[in-house]
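Thanks for coming. I will go through one chain this morning, a few places at a time, so please have the sequence and the picture open.

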Amino acid sequence: MKKKQFKAESKKLLDLMINSIYTNKEIFLRELISNASDAIDKLYYRSLTDKAIKVDRDKFKIEVSIDKENRTLTISDNGCGMSEEELENNLGTIAKSGSLDFKENNKEEKDINIIGQFGVGFYSAFMVSDSITVISKSIDSKESYCWKSSGADGYSIEESDKKENGTTIILNIKEDSEEEKYSDYLDTYTIQRIIKKYSDYIRYPITMEVEHEHLKEGSEDEYEKVIETETINSMIPLWKKDKKDIKEEEYQNFYHEKFFDYEDAMKTIHTSVEGNVSYHTLLYIPSHAPYDFYNKEYEKGLELYSNGVLIMDKCADLLPDYFSFVKGLVDSSDLSLNISREMLQHDRQLQLIAKNIEKKIKKELEDMLEEDRENYEKFFKAFGLQLKFGIYNQFGMHKDVLKDLMIFYSSKEKKMVTFKEYLEHMQEGQDKIYYASGESNDKIDMLPQVEKVKDKGYEILYLTEYADEFVIQTLMEYEGKQFMNVCADNLDLDTEEEKESIKKENESNKDLLTAMKEALTDKVTDVKFTNRLKNHPVCLTTEGPVSMEMEKIMSAMPTDEKIKAKAVMEINDSHPIAKKLKELYKTDKEEIKKYTQILYAQARLIEGMSIENPTEISSLICDMISK
Ligand code: ADP
């Protein structure tokens, strides 16, 4: 018989399993039982659409048995089974190879993460076995086959004589080592405990032969040992159990197993609804974004069950895009088993469920925001961006659902605040919500425009994510209060007197300012003196809807059309440089051009932008300081 080699990636995964230092080895059983249950699901589902396949629902089961002498643990199901080709394809290669990247995987730490992170499935059995035998008969085939492997040296497939459809997996349990007592996996009570712990909700009976002591018939004190077949699992899906009977640990175990997350979920939402439509939902808000969350490939959706039978594993219609991070499932007895994907979209029951789910998630997030700010901030770090997209996508159609879930860093509170909280802190007479954007809080803090606004006692929201300004522009106002960029040229903080005096100042220096503007050709739309700055000599503000931050973001996008901010250079009228400029203009008009170039370059640098002509600017400065 010819030995075949595992595909390269599978071999790596295998090596990982065989030499695993992963401490939670018992999960192998959960993986095998879950495969068995899926195989029965598949068979049942096929029988609904294929009349040639006849099944008896009551006969479905998963059998677990132990042979201590031969050190074997056997898991057997009467599901759809595997053909020769399927054995080859499913067990010779890893199904999820795409999600496993082993390139730099030699650190033990990382190995553990891989095992925990992905349901590594069948191969996990190699953590506890020297060799594995899989005997399977597919419902689509007359023959049955036997797959065997002792790990790294490959596998073999030969014909077998199994008559009934289904799969039997025989594990040859490893000998005990110093670190690990593998014999535990040959102990009935241990196996029972593991089944209860991870697979209690499996819908098919998981049976085992268990030894009991019974009083001998006709005797009062003599006992005899009787072997009885017992069903170990309760078979009630977790989501159909009463909330008060479920421990947090059970929710989390279920979450890990089902949604391949190695961290606990941040929040579990479990509801049962009776009424026009009756359904159960079990939803989870993950505590971190999956590695592919912000990729195009990420698929949102909830598992959909019709009375306990899985009918779709990612029903996208159940979740709005902005809550796409939610994992979980919906089970309703009001949905037909054979419903097609196309029909589902128009199904009124489903639409109703989706609407309720959306409301529920929103409510949970609001509660978390109110009661558990620390966790909410963690949540927002992971998924806030998705909520922000939700605000400005589709022309802001959903902005009202989401605006109260936004939090931004506040200059005054030195922590994240909601818009509502901002309004509560507003000064008397303040009618705007001030914000400033930049790369980081520290950088925004250093913006010249920020200083004066803070001095006036106003709170400023710091926008540091690229989506932030789009959010603000979509919202435009909150409870009647307009948003105002502190870097906008129409920031109106001056008193009437101040306004009057700066206006005069600008008028009387018109020639100077025009000369400066001309020196900058089309880089700015205006140059003026300002009261808005405190210590800094110069800044750039913008006219119209496009801010400097947005220009930066949009010029980084791969489109041909470059959107430019309308920049205004403002010079601090109370800074010595203002005086210097005014005097210089009287004596040396040429020199003004150089000063203008340098000031403009400074303003750009302060805004966190680069300067287009660094060598030129550098020699200008050198000229000037060597004078
Ligand atoms: P996963 O279950 O995550 O896809 P596994 O490595 O556990 O990955 O299994 C690979 C594939 O082998 C499964 O997708 C399934 O098609 C098949 N398989 C495993 N166990 C069984 C079984 N008991 N009956 C039928 N098919 C099975």
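How are α18 and α19 oriented to each other, roughly parallel or roughly antiparallel? Keep in mind that this is a predicted model. Helix α18 covers residues 576-587 and helix α19 covers residues 589-606. Their axes come within 7 Å and cross at roughly 150°. Angles over 145 degrees count as roughly antiparallel, and α18 and α19 are therefore roughly antiparallel to each other.

Now the residues between them. On the α18 side the contact uses Ile577, Lys580, Leu581, Leu584, Tyr585 and Thr587. On the α19 side the residues are Lys589, Glu591, Ile592, Tyr595 and Leu599. By class, this contact of α18 with α19 has 7 nonpolar residues, 3 charged and 1 polar.

Next, a sheet. This one is open, has 6 strands with mixed pairing, and reads β15-β14-β17-β16-β19-β18 across. As an example, Ser437 has Leu463 of β17 as its bridge partner. Helix α13, residues 448-455, packs on this sheet and touches β16 and β17. The direction of α13 makes about 155° with that of β17.

Leu491 sits in the loop between β19 (481-485) and α15 (496-508). Is Leu491 buried or exposed? Its relative accessibility is 12%, so Leu491 counts as buried. Leaving aside neighbours within four places in sequence, Leu491 is in contact with Tyr434, Val453, Met484, Asn485, Val486 and Arg532. Leu491 and Lys432 are 59 residues apart along the chain, and their C-alpha atoms are separated by 9.8 Å.

On to another sheet. It is open and has 5 strands, in the order β9-β10-β13-β11-β12, again with mixed pairing. β9 (267-273) and β12 (309-315) are the edge strands, and each pairs on one side only. From one strand to the next the twist averages 15°. Strands β11 (residues 302-306) and β13 (residues 327-332) run parallel and are joined by 4 bridges. Glu303 stands opposite Leu329 in β13.

Which helix packs on this sheet? Helix α6, residues 248-259, does, and it touches β9, β10 (279-285), β11 and β13. The direction of α6 makes about 80° with that of β10. Asn253 is in helix α6. With 16% relative accessibility, Asn253 counts as buried. Beyond its neighbours within four places in sequence, Asn253 is in contact with Lys197 and Tyr198.

Last item, aromatics. The structure holds 33 aromatic pairs, and I will show one. The ring centres of Phe389 and Tyr392 are 6.1 Å apart and the planes are at 80°, so this pair is edge-to-face. Phe389 and Tyr392 are 3 residues apart in helix α9 (residues 373-392), which means about one helical turn separates them. How do the two compare with the 20% cut-off for buried? Phe389, at 18% relative accessibility, counts as buried. Tyr392 has a relative accessible area of 21% and is partly exposed.

Conventions
Residues are numbered from 1 along each chain as its sequence is written. This is a predicted model: local features need pLDDT of at least 70, side-chain atom pairs count only at pLDDT 80 or more; totals for chains, interfaces and linings use all residues. Side-chain values use heavy atoms; hydrogens and water are left out. Two strands pair if DSSP finds at least two bridges between them. Helices (H or I, at least four residues) and strands (E, at least two) are DSSP runs, numbered from the N terminus. Contact means heavy atoms within 4.5 Å. Axes are lines fitted to C-alpha atoms, for helices over the stretch in contact, and angles run from 0 to 180 degrees between N-to-C directions. Angles under 35 degrees count as roughly parallel, over 145 as roughly antiparallel, 65 to 115 as roughly perpendicular and the rest as oblique. Ala, Val, Leu, Ile, Met, Phe, Trp, Tyr, Cys and Pro count as nonpolar, Asp, Glu, Lys and Arg as charged, and the others, Gly among them, as polar. Rings of Phe, Tyr and Trp (its six-membered ring) pair if their centres lie within 6.5 Å; planes under 30 degrees apart count as stacked, over 60 as edge-to-face and the rest as tilted. Buried means under 20% relative accessible area, exposed over 50%, partly exposed in between (1.4 Å probe, protein chains only).
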